[in-house]
Amino acid sequence: MAAARDQLLDAIRALMAAHSPPLHALVVPSEDAHQSEYVSEQDKRREFISGFTGSAGLALITMKEALLWTDGRYFLQATQQLSNHWKLMRMGEDPPVEAWIADNLEDEAVIGINPWCISVDSAQRYEHAFSKKHQTLFQLSSDLVDEVWKDRPPVEPRPVIVHPVEFAGRSVSEKIKELREKLVHEKASAIIITALDEVAWLYNIRGSDVDYSPVVHSYAIVTLHNAFFYVDKRKVTVEKYMSGNGIDIREYETVQSDASLLATGKLKSSVDGENDINDNEVGSLKIWIDSGSCCLALYSKLSPDQVLALQSPIALPKAVKNSTELDGLRKAHIRDGAAVVQYLAWLDNQMQENYGASGYFSEIKGAHKKENIKGTKLTEVSVSDKLEGFRSTKEHFRGLSFPTISSVGPNAAVIHYKPEASTCSEMDADKIYLCDSGAQYLDGTTDITRTVHFGKPSEHEKSCYTAVLKGHIALDIAVFPNGTTGHSLDILSRAPLWREGLDYRHGTGHGIGSYLNVHEGPHLISFRPSARNVPLQASMTVTDEPGYYEDGSFGIRLENVLICKEANAKFNFGEKGYLSFEHITWAPYQAKLIDTKLLTPVEIEWVNTYHSDCRNILEPYLNEQEKEWLRNATEPIAVSS
């Protein structure tokens, strides 16, 4: 396959040379036409051309070189997957792609890009970098990777599904009315909505066009009087629902020509046939785009002076959950927690039976044998499949929310490790096991990480686990004033690790959707500068997931989903109002990995209270054996003497 992929580079370069104008370089991003994190199989162009399967990265092909940029989560994986015809560029260490191009390619070089797969923000950043040597970012009329991808997966017309108000909590008409009020406030005549989860949220629809994310490949344009939905019409069986909400259904590909009509005030709806604005008003009102998610292809149809480039007005209402969504998320996490407990109890039993492990509760040294005593091989993939099986029995289950990170020993140190059946590791009672997983339910999206050991953990592993737990608790119990960003809170989870000279290279928390994307903005808890942009608000969801990773040895992460809520603080300094968190994830922490000598009385009380709540909340969903396991797993921990 590596040899075939290298031949593809030759084919791409031949197309570059034959192109008019000839291309000196080709940029191949990971994203699709909606700037999605997760993309469908037919949109995995960067993976196809490079062989690198990570979710984040960018390929650059010149006439002599092939380079791939990715972040710290994937350095090891990229090294293993790239052939010697590719050079790995480490984000944060090597120059970004636009700087590399500006410094290494000749004056007036032409760099090709599929304009659908690059955001306005990225394109403008590239063009600024290229200007010093008069280099050109050239918008291709067809994607060169598609031309050499002979067995590219076909587009499957999967149906558009209505997401009922009983789960969504708000009607489409309410959401569109609120959106139009924001357009009027910003003196905008229309908005072009390109992010898949924003279209899904606004129109209360869901689909299955992208694995793990219940979205539909679609666009929306909303004007002051009309609303348009751009989708492959073969998918649509909900015409009556759409027309009843005043939404005009159009073919997916017509969004580009309609953007041109919108720019000239000539976009008409077949619902009422009226223009939104008169011709003499064109130019006096703005067209709103989110330059982080809107692609260059659509932006190019507008006059720059008529564009209002601001964060999407849908991002925040989607992130601030309504009471129905919050109730659904709580219920989904209870059912999900029951599945995780069933899985841990089953895995504990299997590790003891098949490997002679001392088990979840005992750490008697030498109680297990390294060889598989029963011959039933347990692998990272086979056990994660069992977890999916437990989840699939739960009400409203619709699939996983991301590929399960089921990782043993050194693999657990790879932050976004994705086990493959042919190459994954066998379970090992002598090593830490980290499982980061989640599911999609009609009433909510889940994301949980637990780290366990079925043998005798070392004192170092225990102290590291306890430092992570301390940081996890510190964020959970935080109280902070309105206006606080996730950038300010990030340190709370790191401080216990920093005291030991430890740290982790990922953010501490991300928003989570309501039967939508598992990673949802615009807020986050992170050291990254973008975490300064959006303050946390009551009714936002956010994960709490500190970790520690020791390359070649083990990894630890603990993750719960939190709901931001108003705090019951004694005082109200500055009349700001104060916020705190409610955890809605339920599954025990492994007592034998906790060094209780390192915990404060407050932290011990937190663990014991959490475990007591776990037991009371989850027991109704478990059989007698599982209940007994959970009772043992949630026994109060005591202060070490």
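This is a predicted model: local features need pLDDT of at least 70, side-chain atom pairs count only at pLDDT 80 or more; totals for chains, interfaces and linings use all residues.
Residues are numbered from 1 along each chain as its sequence is written. Local features need pLDDT of at least 70, side-chain atom pairs count only at pLDDT 80 or more, totals for chains, interfaces and linings use all residues, and side-chain values use heavy atoms, without hydrogens and water.

Begin at strand β27, residues 560-566; strands (E, at least two residues) and helices (H or I, at least four) are DSSP runs numbered from the N terminus. Five of its seven residues are buried, so β27 is largely enclosed by the rest of the structure. Buried means under 20% relative accessible area, exposed over 50%, and partly exposed in between (1.4 Å probe, protein chains only).

The whole structure holds 36 salt bridges, each a side-chain nitrogen of Lys or Arg within 4 Å of a carboxyl oxygen of Asp or Glu. One of them joins Lys318 and Glu520, with the closest N and O atoms 3.5 Å apart. This pair links helix α13 (residues 315-319) to strand β23 (residues 520-525), its members being 202 residues apart. Lys318 is buried at 4% relative accessible area, and Glu520 is buried at 3%.
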